[in-house]
Amino acid sequence: MKIIVTVKQVPDTSGRIAVNPDGTLNRASMQTIINPDDLNAIEAALDLKDELGCKVVAITMGPPPAEGMLRELMAMGVDESILVSGREFSGSDTYATSQILAAAIDTYGIDEDDIIMSGRQAIDGDTAQVGPQMAEKLGLPQVSYAGEIKKEGNTLTIKRMLEDGYMTLRVKTPCLVTCIKELNTPRFMNVWDILHTYEKPLKVMDYEALKDHPLMDKSTIGLQGSPTNILTSFTPPLKGAGRILEGSGKETTDELAGILSDKHII
Ligand SMILES: Cc1cc2nc3c(=O)[nH]c(=O)nc-3n(C[C@H](O)[C@H](O)[C@H](O)COP(=O)(O)OP(=O)(O)OC[C@H]3O[C@@H](n4cnc5c(N)ncnc54)[C@H](O)[C@@H]3O)c2cc1C
């Protein structure tokens, strides 16, 4: 059994955000962090490894410096990593990203009792599309928003968190699960794994390594293969402070009606 976790290196959006003239993020000029939801997916995988004894593999698509993030994950206890990297992949939107990652995961190999885990969403693109799209392309069942995961044999019991409650689902492996922050608290790196992180295997998959996979087609990867077009990007204007109306129900409704009428809204 193995658990493959997709992990994205994202710009630290708490700092300065730089945008290229074509509307894409200028990632090279920004500090990077590990996407927070992906750390919860890593922790869930390491928890299952502690309980059941399996292999945990981290996979990312990104530029060569993303190796640093993969070494960090291996210092937390991840056993092996895959870096999917190549000029042909750059400019990929979610459709192309999920296509490339699905091809890479399938090339690595998926067995009967394997699990693929992803974060629910990345803090830069924020679409929450890549996990479900990968499942679709790999023909695997998927459960999103996992807030609790238990494994017995080849069945996972997952508490799927919703806005106003939760649902409990059972799914057979192999499957894909997207993880949310309520699932756990990610662990720190530990001394043993820090010492051994550079001895752990890190496989690089470039375009050459993936080009014969049925999902790979130059027309559906990279910038030209991405159906998303950014027409414009802008920072929304700040809203003014709100106003709280006080008084009885009748007083506040009358006042509100007066304000809306003054603004010709009603
Ligand atoms: C025209 C265009 C060009 C773009 N060019 C680039 C570019 O050159 N470089 C770039 O980095 N981004 C680029 N992006 C952004 C990129 O498409 C998205 O960031 C990426 O597809 C993931 O989408 P998301 O951030 O919404 O992820 P979500 O769907 O919100 O992510 C969900 C989960 O999927 C997994 N995941 C997502 N992306 C990756 C990844 N790369 N590796 C491993 N796991 C992943 C993670 O587990 C994540 O938690 C571009 C977008 C557009 C529209």
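The legends below describe close-up views of a predicted model of one chain.

**Figure 1. The whole chain, for orientation.** The chain has 266 residues, of which 41% count as buried. Its secondary structure comes to 7 helices and 11 strands. Along the principal axes, the C-alpha trace spans about 70 × 45 × 40 Å. Among contacts in the chain with a separation of 6 or more, 71% are between residues 24 or more positions apart.

**Figure 2. The buried side of helix H4.** Helix H4 covers residues 130-138, and its buried residues are Gly131, Met134, Ala135 and Leu138. These residues are on the same side of H4, because they cover an arc of only 100 degrees around the axis. The spacing follows a general rule: an α-helix has 3.6 residues a turn, so residues three or four places apart point the same way. What covers the buried residues of H4? Glycine 139 follows H4, and its phi is positive, near 70 degrees.

**Figure 3. Helix H3 crossing helix H4.** The axes of the two helices, H3 and H4, come within 8 Å and cross at roughly 50 degrees. An angle between 35 and 65 degrees counts as oblique, and H3 and H4 are therefore oblique to each other. The crossing in which H3 passes H4 is right-handed. By class, the contact of H3 with H4 has 7 nonpolar, 5 polar and 2 charged residues. On the H3 side, the residues that meet H4 are Thr94, Tyr95, Thr97, Ser98, Gln99, Leu101, Ala102, Ile105 and Asp106. On the H4 side, they are Val130, Gln133, Met134, Lys137 and Leu138. Two of these H4 residues, Met134 and Leu138, are also among the buried residues of the helix.

**Figure 4. The loop between E6 and H4.** Which residues in this view have a positive phi although they are not glycines? One of them is aspartate 126, with a phi of about 60 degrees. Aspartate 126 is found in the loop between E6 and H4, and its relative accessible area of 45% makes it partly exposed. Alanine 128 also has a positive phi of about 60 degrees and is not a glycine. Alanine 128 lies in the loop between E6 and H4 and is partly exposed, with a relative accessible area of 24%.

Figure 5. Threonine 173 and proline 174 are joined by a cis peptide bond, with omega about -5 degrees. Where is proline 174? It lies in the loop between strand E9 (165-172) and E10.

Figure 6. Helix H1 runs over residues 36-52 and contains leucine 46. Is leucine 46 buried or exposed? Leucine 46 counts as buried because its relative accessibility is 2%, and the cut-off for buried is under 20%. Leaving aside neighbours within four places in sequence, leucine 46 is in contact with Val56, Met76, Gly77, Val78 and Arg187. Leucine 46 and methionine 76 are 30 residues apart along the chain, and their C-alpha atoms are separated by 8.7 Å. Aspartate 37 also lies in helix H1. At 9% relative accessibility, aspartate 37 counts as buried. Not counting residues up to four places away in sequence, aspartate 37 touches Gly119, Arg120, Gln121, Cys179, Ile180 and Lys181.

**Figure 7. Methionine 69 in helix H2.** Methionine 69 is found in helix H2, which covers residues 67-74. Methionine 69 is buried, with a relative accessible area of 2%. Which residues does methionine 69 contact, leaving aside its neighbours within four places in sequence? The contacts are Val7, Lys8, Gln9, Ile34 and Thr60. Methionine 69 and tyrosine 166 are 97 residues apart in sequence, and their C-alpha atoms are 33 Å apart in space.

**Figure 8. Serine 261 in helix H7.** Serine 261 has its place in helix H7, residues 249-262. At 36% relative accessibility, serine 261 counts as partly exposed. From serine 261 to tyrosine 166 the C-alpha to C-alpha distance is 42 Å, and the two residues are 95 residues apart in sequence.

Definitions and conventions:
Residues numbered from 1 in each chain as written. Predicted model: local features only at pLDDT ≥ 70, side-chain atom pairs only at ≥ 80, totals over all residues. Heavy atoms only, no water. Buried < 20%, exposed > 50% of the residue type's maximum accessible area, 1.4 Å probe, protein only. Helix = DSSP H or I, 4+ residues; strand = E, 2+ residues; numbered from the N terminus. Arc of directions from axis to C-beta. Axes fitted to C-alpha atoms, helices over the stretch in contact; angles between N-to-C directions. Parallel < 35°, antiparallel > 145°, perpendicular 65-115°, else oblique. Left-handed = near helix turned anticlockwise from the far one by under 90°. Contact = heavy atoms within 4.5 Å. Nonpolar A, V, L, I, M, F, W, Y, C, P; charged D, E, K, R; others polar.
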